[in-house]
Amino acid sequence: MRAVLTWRDKAEHCINDIAFKPDGTQLILAAGSRLLVYDTSDGTLLQPLKGHKDTVYCVAYAKDGLWSPEQKSVSKHKSSSKIICCSWTNDGQYLALGMFNGIISIRNKNGEEKVKIERPGGSLSPIWSICWNPSRKALNCVAMVMDSEMVFPLVCVLFPQIGKDRALNFDPCCISYFTKGEYILLGGSDKQVSLFTKDGVRLGTVGEQNSWVWTCQVKPDSNYVVVGCQDGTISFYQLIFSTVHGLYKDRYAYRLVKKIAIYRHSIWRNCPEKIFRSHGEVGVFRGLIQMHYGKFECKKNLLVGGVHHIICEKRLQCLSFSGVKEREWQMESLIRYIKVIGGPPGREGLLVGLKNGQILKIFVDNLFAIILLKQATAVRCLDMSASRKKLAVVDENDTCLVYDIDTKELLFQEPNANSVAWNTQCEDMLCFSGGGYLNIKASTFPVHRQKLQGFVVGYNGSKIFCLHVFSISAVEVPQSAPMYQYLDRKLFKEAYQIACLGVTDTDWRELAMEALEGLDFETAKKERKKQGETNNDLFLADVFSYQGKFHEAAKLYKRSGHENLALDMYTDLCMFEYAKDFLGSGDPKETKMLITKQADWARNIKEPKAAVEMYISAGEHVKAIEICGDHGWVDMLIDIARKLDKAEREPLLLCATYLKKLDSPGYAAETYLKMGDLKSLVQLHVETQRWDEAFALGEKNPEFKDDIYVPYAQWLAENDRFEEAQKAFHKAGRQREAVQVLEQLTNNAVAESRFNDAAYYYWMLSMQCLDIAQADPAQKDMMLGKFHHFQRLAELYHGYHAIHRHTEDPFSVHRPETLFNISRFLVHSLPKDTPLGISKVKILFTLAKQSKALGAYKLARHAYDKLRGLYIPARFQKSIELGTLTIRAKPFHDSEEPGALCYRCSTNNPAAQQPGQTSASNCRQPLHLPASSYDVLHLVEFYLEEGITDEEAISLIDLEVPRPKQDNRQQEIANNSSQILRLVETKDSMGDEDPFTAKLSFEQGGSEFVPVVVSRLVLRSMSRRDVLIKRWPPPLRWQYFRSLLPDVSITMCPSCFQMFHSEDYELLVLQHGCCPYCRRCKDDPGP
């Protein structure tokens, strides 16, 4: 034990008393008339408490506070004498008061006196200190008191004194229990605090002071002690204890305070003035049965042999059991380690290691020590082998050194050691610990290591005793590793000795086999006897088998009733014809085992076909399939697969795997079908790219759609067939991947100036968004917004493709009117943020050039003015400057022809309109342009009255009510200068007006668009050939258009719903083989 000073402070007055807060965080002490509160962690003075006019002699905490929680203020009670000390019980229910007149008063927390104890001597024996035992295991509340006669007894609350007085050689001033009542702290006029046992035996000093120790207390549940002195000094100590232990064979004892040793059935404890001996059996010691008196200044250790030994720093004393000192040895250096190495009673030997590196052997009946050897470093631990021929030493450098005692030769050394022990039952085995590992070394073999915490203190057989902190554990270590080390060197006798220490049954069998192979029959026979086998025929059979006399061995095996061993022997020797004689009564298991081993032999001697046949006959289909697969025998694999039952999934699956590797997917598919493993069949078709078979299987089993179309789409993408890949992703339900492919295709098309492709991809993106909006209502609004956005981009890029071709190619395929219409459409339709790849310069330049050619000079002048505000590429600079100059020579008004005619209001709209205006300026009716010539179509969009469904509207239009023919009359008038034809209309025909035409009326000059809404009567009057319907899928509504010029045919694509002049559409389909907008083939059915 040693005390370490944590902090120290000094007050102005004497420290009369100290008390800890129950949780140990604060310390309150009485110094003069003040109370001082300290922080126990660092000694900081938290606050001084004032309130007493005179000196404060004592202070104590209750478990739940400074006073009773039921009282709102401090209660005061009179006492018969001056109170010098006080102490609360562990539960806070009672308070013991020590008075100047020698009386001890026990009171409850309300102040009522319950017990009154009078000490002998009365007022001449003041009670200077009192303390309750804090042990919760105590049956009685025991207090320790101390009076002026320098004695301290044990006093029970309700009974007379239960301990006897012990005299001290100083004036005691304070007393306190330590570690739950096991030990006592005592201080006084000797200017130090001493540690005692609960029986009153002094153990050591905690801390020396410069004045009387007036008070001392222990921090709750810790090893910290605070000391208060007469001069006002407050010292805070931490007590650190070392574990002291003793080991004898498999008996072990330890304690935390003083020296201890164990010998046979006795435990010896060392105290400053006495040596105690306890006796017991099987780990139960029955108390002190013998004591030796005397004062010993022992600093090191205590050991017991036939006589008792006490070690001091440089002296070694030998005492008899009666306490008489018989011998004493004086050493040259401090004793660092000592160990009893046994011997006859009265002649025991000791092994002593000194700090100067000297190692001595001492016999207790000899005055002269024997020097075994001397090394350069100090000894930390040592041990001697069982035969006294080898010495193991651990020095201060953590190195384990092993010496030959006779020759003083260093045999070997190992690093990272802190303790060492020889095996008491084996001469050549030792173990040492260090670095968190346990190391076992046999002879000169490499070290066997395993994790272990603590120090090695003993090694007996297969048990290793390890000390970790305050506990010791016996670790059972199998000796297999060192046994096999000996077997590797054919040292069978030594291996047998190791096996006797403790190995498994398998290890014993291996030892016997190795000994037989090495022709060490004696060791093999010992092993058989060790395992309880006494059959000599069996042993002789083993011997004959190892000598090569196989037939004689087989006869002995059979005679001893071990035919299975004969079968195993012939099978291992590949003598299968002889092995068949020992199969017994046709046991199928043994027959299968024999055929399997014969097949293994055929496989090893490079006869694979014979091995396959044997494996099949033995039912080992997996091994047969492996051989066929490794050799590429497809026919044999097919034959095996067809003969196997469909329930044997493992061999069938292996067959299919090999057939697939051997490029026979058809047979692999047959095998998968036999198993009913459709998932593997789908994977096979996908891996072999047999897409037609995969699609057919997917049609019958929709759950495999993802497994088919996703790899198919990836394969298409890898082969640069991105459009097909997009469709495959869409069909597989992978909308995210489908959109990603389309977006990438679109970006690439724009970057490569393939604007016609970009328009097509944007149209596909819009239809993709429409599908998502239809499938997922949660994304409906967002997807519909994207649909309209992508539709608009598709129209822009489709029109811009012609402008780009016109400006880049040397020859144009479009008429001037078409280019004029396209450029005017783009100028009016472009958003504020121009889409990527579209050039305003090219659009305006084309518009200006074609406007000038068609007589729209005002529009041309406007386009050239817009170009002046843009950055002009160098190749257009000259043409634009020339056009800007020449346009000034043209009139300031446009001809009427380039304008756009509205078929609802019959107004010819000017060619130069506001950007973004795509409707008629008079009636606000949206103008519908074909995706080829971009002139205005003679269509008017109309809407259904509320309550009319699309199906009803179609049925009404299909009725086609016939109209009466107009009775028109012609009248021809001729004269000399002219010929006149007059049409005369009858009254009946004048009343036959088209109901739809009546709906075309609108408010002149209105700023808002008034749609055409038709009733059932109007629908019934329409002709089916005059109505065009865009049948959008949900959630979009259908759109209806009426042709006002029935004789001029209009064609609408059933896929993209773009409208064309029929002649233009037929020509474009003949040129491209598909719709020019959505690329739908002419042979494909409509949606």
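Which residues of α23 are buried? Before I turn to that helix, a word on the source. This is a predicted model, in which local features need pLDDT of at least 70 and side-chain atom pairs count only at pLDDT 80 or more, while totals for chains, interfaces and linings use all residues. Residues are numbered from 1 along each chain as its sequence is written, and side-chain values use heavy atoms, with hydrogens and water left out.

In α23, the buried residues are Val841, Lys842, Ile843, Leu844, Phe845, Thr846, Leu847, Ala848, Gln850 and Ser851; buried means under 20% relative accessible area, exposed over 50%, and partly exposed in between, with a 1.4 Å probe and protein chains only. Helices are DSSP runs of H or I with at least four residues, and strands are runs of E with at least two, numbered from the N terminus. The cover over these buried residues includes α21 (780-808), α22 (816-829), α24 (857-867) and α25 (874-886), where contact means heavy atoms within 4.5 Å. Just after α23, Gly855 has a positive phi of about 85 degrees.

I turn now to salt bridges. The structure holds 17 of them, each a side-chain nitrogen of Lys or Arg within 4 Å of a carboxyl oxygen of Asp or Glu. Glu328 pairs with Arg315, with the closest N and O atoms 3.6 Å apart. Glu328 lies in strand β29 (residues 325-330) and Arg315 in strand β28 (residues 315-319), so the pair ties together parts that are 13 residues apart in sequence. Glu328 also forms a salt bridge with Lys325, at 3.1 Å between the closest N and O atoms. Lys325 is partly exposed, at 46% relative accessible area.
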